[in-house]
Amino acid sequence: MFEYSENRFQIKPSVKKQIKSLAYDELVDYLQAAGEEKYRADQILHEIFVNRATDFSQMTQLPKHLRKMLAEVFDITSISLEEKRVSADGSVKFLFSLADRKFIEAVYMPWANDDGEVERSTLCISTMSGCPVGCAFCATGTLGFKKNLSPSEIIDQIFIVEQELGTKINNIVLMGMGEPLLNYENVVRAISLLADEKTKVISRRKITLSTSGIAPRIRELAHSKFPPKLAISLHATTNGTRNKIMPIAQSFDLSSLMDAVEYYYRHTKMKITYEYIPFDGINDSAEDAERLRKIAQRVPSRVNFIPFNDISFTKPQGVSFELKPSPPERVARIADYLRSHKIAVIVRDSFGRDIEAACGQLALSREK
Ligand code: SF4
């Protein structure tokens with residue numbers, strides 16, 4: 001089922017700064033330099049993050065002259081909704097354009113309880129347009145790197161989706177286009193703005209950052225002001241296989257990655273999630289199951305088995321061409337083995353198969 005929405009958030013290229021990209025202290029500095037009181041920064045944050053003002057004229061807590069001054073210097077909204085596709089399973093895929101006509105995606109996934117009521121609304125958002133990492137199983141990787149998203153461009157995905165769907169997102173996953181830890185400063189700033197006591201958009205414990213394994217940045221993230229939950233895109237249990245399907249693994253091998261994961265757990269005390277796409281004959285043997293057990297038992301963790309989204313539309317070559325999903329019974333065997341060792345395992349269904357939900361699929365077709 002497809003649904004196209006009119007472009008009601010259209011923005012034009014602008015030389016103005018994005019106000020949602022400013023840290024609180026920077027906003028205070030700007031205001032004080034302009035002769036305004038510090039408390040105006042709190043009011044502005046409240047208008048943007050709590051009242052969700054989309055225009056400075058809506059900021060009625062502020063005096064007229066300040067609204068006018070802000071409108072001359074800053075933009076509030078930094079991305080435009082281009083397209084929205086609604087799946088029969090309830091998930092919704094959003095395509096956004098940036099001011100420079102690059103594209104990014106976000107996917108809304110409702111998780112229902114046994115009575116069919118949505119008890120968790122998850123939004124998977126992007127941190128880059130394209131991605132430089134080039135994992136063999138990922139459509140976004142074939143786009144190459146386009147740009148790092150600003151904090152405002154990261155946050156606006158959430159705000160526009162909430163407005164479009166009329167629902168509150170209560171779980172955010174940084175697992176869309178891009179490697180978040182290669183856009184470290186902007187991602188950490190976006191998380192800080194979302195989790196801050198002044199904005200109260202969402203708790204850091206409801207934000208999951210998924211990384212392909214940039215080990216030094218995982219350690220750094222442990223000391224950020226609002227460390228999120230950490231998910232590792234593992235997808236292999238040996239360096240040889242990982243190097244083959246995730247080129248980044250050549251820079252950060254499993255040993256350095258696992259040391260960084262242990263470090264993160266020690267400092268945050270939050271369970272680690274390992275994401276694993278089982279590929280037929282590549283990473284789904286009994287030996288893989290045993291190595292995965294050892295990895296998952298190093299610190300409190302859980303394992304998510306994710307189905308392989310078809311990427312044949314990218315005309316895959318080399319190792320990408322060889323990747324096929326594991327038969328479900330083999331995935332179930334590995335999952336049972338891990339569970340028998342008291343490891344929490346989730347075998348995920350794919351959301352949105354009918355709406356081109358493979359990460360990067362919509363953006364790729366739009367770029368072309
Ligand atoms: S899986 Fe993530 S890190 Fe790998 S290419 Fe795709 S977006 Fe980049």
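**Aromatic pairs, charges and backbone**

Trainee: How many aromatic pairs does the structure hold?

Mentor: Please keep in mind that this is a predicted model. Among the aromatic pairs of the structure is one between phenylalanine 94 and phenylalanine 96, and another joins phenylalanine 137 to phenylalanine 279. The number of aromatic pairs that the structure holds is six.

Trainee: Is the pair of phenylalanine 94 and phenylalanine 96 stacked or edge-to-face, and what is the angle between the planes?

Mentor: Planes under 30 degrees apart count as stacked, whereas those over 60 count as edge-to-face. Phenylalanine 94 and phenylalanine 96, which are both buried, have ring centres 6.1 Å apart. Their pair is stacked, and the angle between the planes is 5°.

Trainee: How many residues apart are phenylalanine 137 and phenylalanine 279, and where does each of them lie?

Mentor: These two residues form a tilted aromatic pair, with 5.9 Å from centre to centre and 35° between the planes. Phenylalanine 137 is in the loop between strand S7 (128–130) and helix H4 (139–143), while phenylalanine 279 is in the loop between strand S12 (272–276) and helix H10 (286–296). The pair therefore links distant parts of the chain, and the separation is 142 residues.

Trainee: Which residue forms one aromatic cluster together with Phe137 and Phe279?

Mentor: Phenylalanine 137 and phenylalanine 279 are both buried. The aromatic cluster to which they belong has a further member, and that residue is Phe308.

Trainee: Turning to charges, what is the distance between the closest N and O atoms of arginine 189 and glutamate 26?

Mentor: The count of salt bridges comes to 19, and one of them joins arginine 189 to glutamate 26. This pair links distant parts of the chain, since arginine 189 is in helix H6 and glutamate 26 in helix H1 (residues 24–33), 163 residues apart. Arginine 189 counts as partly exposed at 26% relative accessibility, and glutamate 26 is partly exposed with a relative accessible area of 34%. The closest N and O atoms of the two are separated by 2.6 Å.

Trainee: Why does lysine 84 count as buried?

Mentor: Lysine 84 forms a salt bridge with glutamate 164, with 3.1 Å between the closest N and O atoms. Lysine 84 lies in strand S3 (residues 79–86) and glutamate 164 in helix H5 (residues 151–165), so the pair ties together parts that are 80 residues apart in sequence. Glutamate 164 is buried at 13% relative accessibility. Buried means under 20%, and lysine 84 counts as buried because its relative accessibility is 8%.

Trainee: Is arginine 330, the partner of aspartate 284 in a salt bridge, buried or partly exposed?

Mentor: The closest N and O atoms of aspartate 284 and arginine 330 are 2.5 Å apart. Aspartate 284 lies in the loop between S12 and H10 and arginine 330 in helix H12 (residues 328–340), so the bridge ties together parts that are 46 residues apart in sequence. Aspartate 284 is buried, with a relative accessible area of 6%. Arginine 330, with a relative accessible area of 24%, is partly exposed.

Trainee: Which residues form the negative surface patch, and is aspartate 115 buried or exposed?

Mentor: The negative surface patch is formed by Asp114, Asp115, Glu117 and Glu119. Aspartate 115 has its place in the loop between strand S5 (103–112) and strand S6 (118–125). Because its relative accessibility is 63%, aspartate 115 counts as exposed.

Trainee: Where does lysine 206 of the positive surface patch lie?

Mentor: The positive surface patch is formed by Arg120, Arg205, Lys206 and Lys229. Lysine 206 counts as partly exposed, at 42% relative accessibility. Its place is in the loop between helix H6 (184–195) and strand S10 (207–211).

Trainee: Finally, what is the phi value of lysine 342?

Mentor: Lysine 342 lies in the loop between H12 and strand S14 (344–347), and it is exposed, with a relative accessible area of 80%. Although lysine 342 is not a glycine, its phi is positive, at about 65°.

Note on methods:
Residues numbered from 1 in each chain as written. Predicted model: local features only at pLDDT ≥ 70, side-chain atom pairs only at ≥ 80, totals over all residues. Heavy atoms only, no water. Patch = residues over 30% accessible without salt bridge, like charges linked within 9 Å, V, L, I, M, F, W, Y side chains within 5 Å. Areas by Shrake-Rupley, 256 points an atom, 1.4 Å probe, with all protein chains shown as cover. Salt bridge = Lys/Arg side-chain N within 4 Å of Asp/Glu carboxyl O. Lys, Arg positive; Asp, Glu negative; His and termini not counted. Charge placed at Lys NZ, Arg CZ, Asp CG, Glu CD. Helix = DSSP H or I, 4+ residues; strand = E, 2+ residues; numbered from the N terminus. Buried < 20%, exposed > 50% of the residue type's maximum accessible area, 1.4 Å probe, protein only. Phe/Tyr/Trp six-rings, centres within 6.5 Å; stacked < 30°, edge-to-face > 60°.
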